[in-house]
Structures are given as structure tokens and as C-alpha cells.
Amino acid sequence: MEDKKNFKILCIDGGGIKGLYSAQVLAKFEESFNTRLSDHFDLICGTSTGGIIALAASAKIPMVDVVKFYEEHGPNIFASKWKIFAKLGNNILAFKQALFTSKYSQKPLRNALVSVFGNKTIKESWNLLCIPAYNLSNAKPRIFKRDYDTLDQDGNKTYVDVALATAAAPTYLPIKEIENLDYVDGGLFANNPVVVGLTEYLYKWANRGMFDGVDILSISSCEKSLGWSPKGRRLSFLKWSDYLFDCYSHGQALSDEFFIQQLINSDSLKFKLNVVRVANNPLSGQQEKYVSMDNASKHSIKVLNQIGKATGALYKEKGEVKAFFKTKKTINPEDYGKQ
């Protein structure tokens, strides 16, 4: 791979507080290869919590600092006074989430994002960007991008607003309004944004004759087995609870992996497509108890850190991962101004 000039894409899945795991994996890569992610990827894609990490990477914020962001702010972002009552408190939160209002306030997340990004705008990104969200106002997917060539919609939007839009998981966090349009979590259609990244290449770069192929490094959220045998068949929203969101995000990610693999194995592509998926080893039953999209307890933070470090240490030794960091990116967005 290092002998060819390929378009390189970094994709990061969504998953709430499990973004700590993803950030820890990427922090291990930056440490091991003594670099910043921004220097090696032409395009960075991320959905929901993965969108926050993608934005940080595009701003050349070290991943060790992103790890600290989750450690320090995660417990406050996913805080509720009801959680002190354990199972009873979680049932009350689920009842509130199902019938009355979002499970959490947007304010702690906004304040945390402002502390990191300030007033930085998307046009200041060091990389091409694709950050998925879902536009409720017109019922269409929306990809926030760094402006270049004829793209001119998002340059003046702030990192904070785009992060709040992509991470606005329905019933967990409030809807985010930007320029009189309402947005929710991009995980509704692209929790794993690998197809989004590949489509951007096909849309804007495939016909320029600049590249021999596409290399994608895809970072999973901390994956659980998600096998389940419910006692009943006619389950209410309350009984589905968090498992419903795990199912649709995990199912979408697996679906995209399947379609990408079919493309790789087919003869229809006119270029070489290489996708490296970084995923954790199967969790133990004890670990699974502490891993969910909004469990930011002290022990959950510890478990996610442990799994992220172990996964990063495992994959940094693989030649297919090392190859991404042997060459620099080709595209500097500022060289491709609006036409």
C-alpha cells in the first residue's frame, strides 16, 4: 500500500461514551507512530461521538487530550440524579425518556465542546471532513463537510454546532437547530460512516486521475455481542430501552461492512479498495455489564480505557495498520479553494 498514491480515509463509529474506547485506540496509534492523525488522512469521517473525535483529529488535537475529554466530561454529560438509585433510578430515567423529554440535557455537552473547540469553524479544519447528521426538517440525511471546490455550505458553521448535531441521539439528547433546520444523530443512517467516506471519494476525487485506490481505516465503537433472548415477544419501548439503539447502530455498521466487502470482492470497481476494520476482542460477561452508550460511571470509564488500550496495542503491531502511517496525506484542503 505504501508504494502507491492512495486516497486515505479515517472513519470512526458512533457510540456515546464508548467514544472513549475509540479515542484510546487512536491515542495509542499516535503515540506508537509519533504523529498526529491529521497528517496521514485526506478525509476524516465520524458519526455521533465518532464525529466529535473526527472533528478533534481535524483540528490536530492530540488523541490523548480527547481521551481526557471523555474521562473528565463524560460523567457530567451523562449525569442524572436518578442514577444514584441504581436499577430503580434507571427505570425512572427510561420512563422519562419514553414519555416526557430527552434523557439528558444538551448544556453539559455544549459546555464541554466549547472548552475544547471554542469558536473554531469548519473552514479551519486541516482535513476534508464528512460528519453525518439527519435533517428532521426535510427528512433527509445531511453530511457536514469542509468547504472546497464548489462546496460552500458549511465553512462558517462552528465545530460545536456540528458536533451537537451529529451527536443528538433521539431521546438521549435534544434536537440541535442550525440555521432554522433541526438535526439529530447521524447514526440513524450512518453509525459506521465508511460508505459515506467512500461515496465522497467517488463524488469528488475518483475522476481526477490523482489516485490509484482508496485505503480506509475504520474504527469501531466498543462492540458488544448483543445477542438477546427476550422473555416476551410484544415488547414496549420501555422494555426495549437502550437495547433498541444498540441494535440499529450495530446492525447498520454490520450492513455497511457487508456491502463494502462485496465491493472489494467484486470486479466492478475501477480502483483498488482496501478497508481495515479495528475492533475489540469479544468482551467478557463482566465487561459487558459496564459498557453502554451512556454508562459513564467510574468503573465503566476504567473498563473502556482498558479495552481501548488493549485494542490499540494489538492493532498497532499489524502491518495493515502501520501502512497508514508510513505516508502523509495527499490532499490539503486549502489547495482546493471554491471554484
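Because the model is predicted, local features need pLDDT of at least 70 and side-chain atom pairs count only at pLDDT 80 or more, while totals for chains, interfaces and linings use all residues. Residues are numbered from 1 along each chain as its sequence is written, and side-chain values use heavy atoms, with hydrogens and water left out.

A cavity here is a set of points, on a 1 Å grid over the protein atoms alone, where a 1.4 Å probe fits but cannot get out, and lining residues have an atom within 4 Å of a point. Grid points are joined across faces, edges and corners, and a volume is the space filled by probe spheres set on the points. By this rule there are 3 cavities of 30 Å³ or more.

The largest cavity holds about 270 Å³ of space. It is lined by 23 residues, of which G14, G15, K18, N191 and S249 are the closest to its centre. Helix α10, residues 242-265, gives the most to this lining, with 6 residues, helices being DSSP runs of H or I with at least four residues, numbered from the N terminus. The lining of the largest cavity divides into 7 nonpolar, 9 polar and 7 charged residues, where Ala, Val, Leu, Ile, Met, Phe, Trp, Tyr, Cys and Pro count as nonpolar, Asp, Glu, Lys and Arg as charged, and the others, Gly among them, as polar.

Turning to the second largest cavity, we find about 170 Å³ of space. Among its 17 lining residues, G16, T49, I52, F78 and L173 are the closest to its centre. The largest share of this lining, 4 residues, comes from α3, and the lining of the second largest cavity divides into 12 nonpolar, 4 polar and 1 charged.

Key. 1 Å grid on protein atoms, 1.4 Å probe; cavity = no way out; pocket = protein on both sides within 12 Å on 5 of 7 lines; lining within 4 Å. Helix = DSSP H or I, 4+ residues; strand = E, 2+ residues; numbered from the N terminus.
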